[in-house]
Amino acid sequence: MGAVRAVVPSDLYGLLFLPVAALIPQCEPDQTIGGTFKDEQSRIMTQALRKIHYSLSQSRTLIVFLNQVRLSPRSGQGFGRVDEVTCGGNALKFYASVRLKMIRKALLKTEDKVTGLGVRVQVVKNNLAPSMKMAELGIQFGRGFCWESEVLDLACEHGIIIKEGSKFLIKGEFFSDKHQAEQYLAENNGILDKIVMILRRELFERKRNSLGPQWMSSIQI
């Protein structure tokens, strides 16, 4: 948390990714193996978040905490409800403005080789917009989030890419299945960026027209 307190007061835009499980209290490496530290990490997280909460809200820094979810060993022993626990305790649930829960749903494969994961992201908490939204995403190993599938679906929906059955027509080239079309978009960044630009223009234009002239007058003011 020392690095966080050093970055937050600055006037620069910042983005920090912090895995909660890696935030080890100083008392753990100082003590011998076998010592007990009951709820030490949760208590320290609560104190640290209380210190940086106000200064963080006044700064230009965004902090993303990556927290792992585990099943409680005391739950699920009978027919009761299975509880979930996290490394940082309950402090992050109260101080976070947005909470996203990611669940692995499938494996992404190329032929017989696993190349990524299919995940479902649910907005559990959102102080900035309506919550409980869900989205299906793909994560490719070594690349990160793959957005070619979403671009392909939206482009077919708005007529930018022609789809006939299971075939796709992109820039005069036919592709027999969706995987080949996604691979083509991934390998041709120029075509992908152009399709994204057209989609954004159409979607933003539709959003602006649906809001009406009252929204335009508020923007001009």
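**Entry 1: salt bridges.** I searched the whole structure and found 3 salt bridges, counting a side-chain nitrogen of Lys or Arg within 4 Å of a carboxyl oxygen of Asp or Glu. Before going on, I noted that this is a predicted model, where local features need pLDDT of at least 70, side-chain atom pairs count only at pLDDT 80 or more, and totals for chains, interfaces and linings use all residues. Residues are numbered from 1 along each chain as its sequence is written, and side-chain values use heavy atoms, with hydrogens and water left out.

Entry 2: I looked up Glu136 and found its side chain in a salt bridge with that of Arg120, at 3.0 Å from N to O. This pair links distant parts of the chain, 16 residues apart: Glu136 sits in strand β7 (residues 134-140) and Arg120 in strand β6 (residues 113-126). Strands here are DSSP runs of E with at least two residues, helices are runs of H or I with at least four, and both are numbered from the N terminus. I then checked accessibility, where buried means under 20% relative accessible area, exposed over 50%, and partly exposed in between (1.4 Å probe, protein chains only). Glu136 is exposed at 54%, while Arg120 is partly exposed at 29%.

**Entry 3: the other two bridges.** Asp153 pairs with Lys178, with the closest N and O atoms 3.2 Å apart. Here the link runs from helix α5 (residues 148-157), which holds Asp153, to helix α6, which holds Lys178, across 25 residues. Both ends came out partly exposed, Asp153 at 38% and Lys178 at 31%. For Arg143 and Glu148, the closest N and O atoms of the salt bridge are 2.7 Å apart. Glu148 is buried, with a relative accessible area of 5%.

**Entry 4: inside α6.** Which residues of helix α6 (residues 178-187) are buried? I found Ala181, Tyr184 and Leu185. They lie on the same side of α6, because they cover an arc of only 95° around the axis, taken from the directions from the helix axis to the C-beta atoms. A reminder to myself: an α-helix has 3.6 residues a turn, so residues three or four places apart point the same way.

**Entry 5: rings.** I got a count of 1 aromatic pair, using rings of Phe, Tyr and Trp (its six-membered ring) with centres within 6.5 Å; planes under 30 degrees apart are stacked, over 60 edge-to-face, and the rest tilted. The partners are Phe175 and Tyr184, tilted, with 4.8 Å centre to centre and 45° between the planes. Phe175 and Tyr184 are both buried.
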